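Biologist: Please take a close look at one part for me: the strands and the way they pair. Go slowly from partner to partner, then show me the surroundings.

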Amino acid sequence: MINAVNLTKVFRTEEVETTALNDVDLHVKDGEFVAIMGPSGCGKSTLLNIIGLLDNPTDGSLKINDIEVAKFTEKQRTNIRKNTIGFVFQSFNLIDELTVFENVELPLLYQKIPASERKVQVEKALERMDIAHRRNHYPQQLSGGQQQRVAIARAVVSNPKLILADEPTGNLDSNNGKEVMDLLQELNHEGTTIVMVTHSPSDAKYAHRLVRLFDGKISMEQPAVTFAEL
């Protein structure tokens, strides 16, 4: 599904040049669950942003589903992103002025899905994440764990083939964090490809493979211990 070759990202100002990614090769198979770890500033989020088509690399090749996307325009990236990729963030990124239902509905509005079909898909996603009973609440009325359930419902409502998760349990206690990881694992078992950035060794054990970044380069790849083996 994802093939990155010699991926490089350089941030430049008038005075400073910073290499965030340095000739990174990363290959993720369809249906795989990959965890990316490394110290702060090693390039994890930069790599996730490029894979998620939120940014272009400075150099190198990036193919998603065999489509070369490295030099795509913002409009081209948006078209692939909204039909292929779901995002789950540490800070949830919900809109406070919208209800739970309306937050989950947003990706479908961008895709111009008819209202009747949107309602069916949103209700299905809310039921799947066990948060339907909060459909008319606002984010600030929810616990952190409930907000992340809403964020995951929003990520899966359009049935994306790929979910990118950036520290999905970073703002949660251990119990809510485990629930979120169980949900991501369930989605993966159903066939969704997941790439997750995390600082948590226990979260990384849910993945099939662990990729370690250091100073913008992949320093190591290894199988991760699955949850079933804990």
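**Strands and their partners**

Modeller: Isoleucine 2 stands opposite isoleucine 64 in β4. This is a predicted model, so a local feature needs pLDDT of at least 70, a side-chain atom pair counts only at pLDDT 80 or more, and totals for chains, interfaces and linings use all residues. Numbering starts from 1 along each chain as its sequence is written, and side-chain values use heavy atoms, with hydrogens and water left out.

Strands (E, at least two residues) and helices (H or I, at least four residues) are DSSP runs, numbered from the N terminus. Two strands pair if DSSP finds at least two bridges between them. Strands of a sheet pair through backbone hydrogen bonds, either parallel or antiparallel. The protein chain has ten strands and seven helices.

Back to isoleucine 2. Strand β1 covers residues 2-12, and strand β4 covers residues 59-64. Five bridges join β1 and β4, and they run antiparallel. Both belong to an open sheet of four strands. Its order is β2-β1-β4-β5, with antiparallel pairing. Which strands stand at the edges? They are β2 (17-28) and β5 (67-68). Each has a single partner strand, so one side of each is left without a neighbour in the sheet.

Next comes β7, residues 162-166. How many of its residues are buried? Five of its five are. Buried means under 20% relative accessible area; exposed means over 50%, and partly exposed lies in between (1.4 Å probe, protein chains only). Both faces of β7 are covered. Leu162, Leu164 and Asp166 are buried on one side, and Ile163 and Ala165 are buried on the other.

Strand β6 (residues 85-89) pairs with β7 in the parallel sense, over five bridges. Here isoleucine 85 stands opposite leucine 162. Strand β8 (residues 193-197) also pairs with β7 in the parallel sense, over five bridges.

Move on to β9, residues 209-214. Strand β3 (residues 33-37) runs parallel to β9, and four bridges join them. Isoleucine 36 has valine 211 as its bridge partner in β9. β9 also pairs with strand β10 (residues 217-223), this time in the antiparallel sense and over six bridges. Arginine 209 stands opposite proline 223 in β10. β9 and β10 form a hairpin with two residues between the strands. In this hairpin, aspartate 215 takes a positive phi near 50°.

Positive phi turns up elsewhere as well. Phenylalanine 92 has a phi near 70°, though it is a residue other than glycine. Phenylalanine 92 sits in the loop between β6 and α3 (100-110). Its relative accessibility is 7%, so phenylalanine 92 counts as buried. Lysine 112 is not a glycine either, and its phi is positive, about 60°. The loop between α3 and α4 (115-128) holds lysine 112. Lysine 112 is exposed, because its relative accessible area is 75%.

Now some helices around the strands. In helix α1 (residues 44-51), six of the eight residues are buried, so α1 is largely enclosed by the rest of the structure. The buried residues are Lys44, Thr46, Leu47, Leu48, Ile50 and Ile51. Leucine 53 follows α1 and has a positive phi, near 60°. Helix α6 (residues 174-189) contains histidine 189. Histidine 189 counts as exposed, because its relative accessibility is 63%. Glycine 31 is 158 residues away from histidine 189 in sequence, yet their C-alpha atoms are 8.0 Å apart.

Finally, step back to the whole chain. Of its 230 residues, 51% count as buried. The C-alpha trace spans about 50 × 45 × 35 Å along its principal axes. Take contacts (heavy atoms within 4.5 Å) with a separation of 6 or more: residues 24 or more positions apart account for 66% of them. The radius of gyration is taken over C-alpha atoms, and the globule rule is 2.2 Å times the number of residues to the power 0.38. A compact globule of 230 residues would have a radius near 17 Å; the protein chain has 18 Å, which agrees.
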